[in-house]
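This report concerns the pairing of aromatic rings in a predicted model. A pair of aromatic rings is described by the distance of the centres and the angle of the planes.

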Amino acid sequence: MLLGIKIHKIEINKSWIDLRRINPRAYVQEIRMFLNFAYRNKNKDEFFYFPCIKCANRYYHGKDTVNEHLILDGFLTSYKK
């Protein structure tokens, strides 16, 4: 508890990140769930850093661009750590 605020750490299963080449359909479904989680309390037009291989958490993008990058380029392998 920090300053009377209870902080919850949410652990996300990231094992699906390796499915891109093994099971592309399942990978795309997991991408959708990941983005829905990330944007749960955000406006879909908000920009965030995301761990695609192409941008490597260096550039801001909107949800549609992030979706495309994660599907076509994949996640950074270091994101699973």
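The count of aromatic pairs in this predicted model comes to 9. One of them joins W16 and Y27: the ring centres are 6.0 Å apart and the planes stand at 50°, so the pair is tilted. W16 counts as buried, with a relative accessibility of 8%. Y27 also counts as buried, at 1% relative accessibility.

Another pair is formed by Y49 and Y60, with ring centres 4.2 Å apart and planes at 25°, so the two rings are stacked. Y49 is part of strand β1 (residues 48–49) and Y60 is part of strand β2 (residues 60–61), so the contact ties together parts 11 residues apart in sequence. Y49 counts as partly exposed at 42% relative accessibility, and Y60 counts as partly exposed at 48%.

| Residue | Relative accessibility | Class |
|---|---|---|
| W16 | 8% | buried |
| Y27 | 1% | buried |
| Y49 | 42% | partly exposed |
| Y60 | 48% | partly exposed |

Notes
Residues are numbered from 1 along each chain as its sequence is written. This is a predicted model: local features need pLDDT of at least 70, side-chain atom pairs count only at pLDDT 80 or more; totals for chains, interfaces and linings use all residues. Side-chain values use heavy atoms; hydrogens and water are left out. Rings of Phe, Tyr and Trp (its six-membered ring) pair if their centres lie within 6.5 Å; planes under 30 degrees apart count as stacked, over 60 as edge-to-face and the rest as tilted. Buried means under 20% relative accessible area, exposed over 50%, partly exposed in between (1.4 Å probe, protein chains only). Helices (H or I, at least four residues) and strands (E, at least two) are DSSP runs, numbered from the N terminus.
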